[in-house]
Amino acid sequence: MGGVNRGMATEAFVLMMLLIGHSVVLTSATKYVVGSSTGGWTFGAGCNWPSNGKLFKANDTLVFKYEAGHHNVVRVTKAGYRNCTAGVGAKVYSSGNDQIKLVKGKNYFICTFPNHCTFGVRLNVTAV
């Protein structure tokens with residue numbers, strides 16, 4: 001009788017591992033490099049980039065590549081995106097290879113160097 005219970009336990013364990021593995025595949029995150037392969041995060045990079053057939057999900061990562069000291073990346077609100085302003089205490093990324101996870105819903109990013117956002121160094125992405 002012990003062999004039957006052990007066999008059922010083994011089958012249940014295998015089934016459980018398959019289900020866990022399947023859910024990991026379904027929820028895996030993707031990394032996307034922002035902008036063109038040659039320009040990265042620069043003037044006009046975000047304008048048409050997200051509309052190129054990408055479906056973003058919460059926990060996907062955006063990689064902002066640029067020459068450090070020439071740009072930065074700041075996550076902002078919708079108003080901050082529209083007005084090209086960062087709120088008090090907003091986190092500023094400035095490494096030139098910044099990796100930022102998306103949250104579900106609207107995600108807004110700008111460069112806060114003078115006039116950069118106004119001239120197109122900004123991005124808005126919706127994650128499902």
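**Aromatic rings and their labels**

Me: What makes F56 count as buried?
Reply: Its relative accessibility is 4%, and buried means under 20% relative accessible area (exposed is over 50%, partly exposed in between; 1.4 Å probe, protein chains only). So F56 is buried. Bear in mind that this is a predicted model, where local features need pLDDT of at least 70, side-chain atom pairs count only at pLDDT 80 or more, and totals for chains, interfaces and linings use all residues. Residues are numbered from 1 along each chain as its sequence is written, and side-chain values use heavy atoms, with hydrogens and water left out.

Me: And why does Y32 get its accessibility label?
Reply: Y32 comes in at 16% relative accessibility, so Y32 counts as buried.

Me: Why are W41 and F64 called an edge-to-face pair?
Reply: Rings of Phe, Tyr and Trp (its six-membered ring) pair if their centres lie within 6.5 Å; planes under 30 degrees apart are stacked, over 60 edge-to-face, the rest tilted. W41 and F64 sit 4.9 Å apart centre to centre, with 85 degrees between the planes, so they qualify as edge-to-face. Both W41 and F64 are buried, and together with F109 they make up one aromatic cluster.

Me: How do you know that R122 sits over the ring of Y81?
Reply: The rule wants NZ of Lys or CZ of Arg within 6 Å of the ring centre and within 35 degrees of the ring normal. R122 lies over the face of Y81, 5.0 Å from the ring centre.
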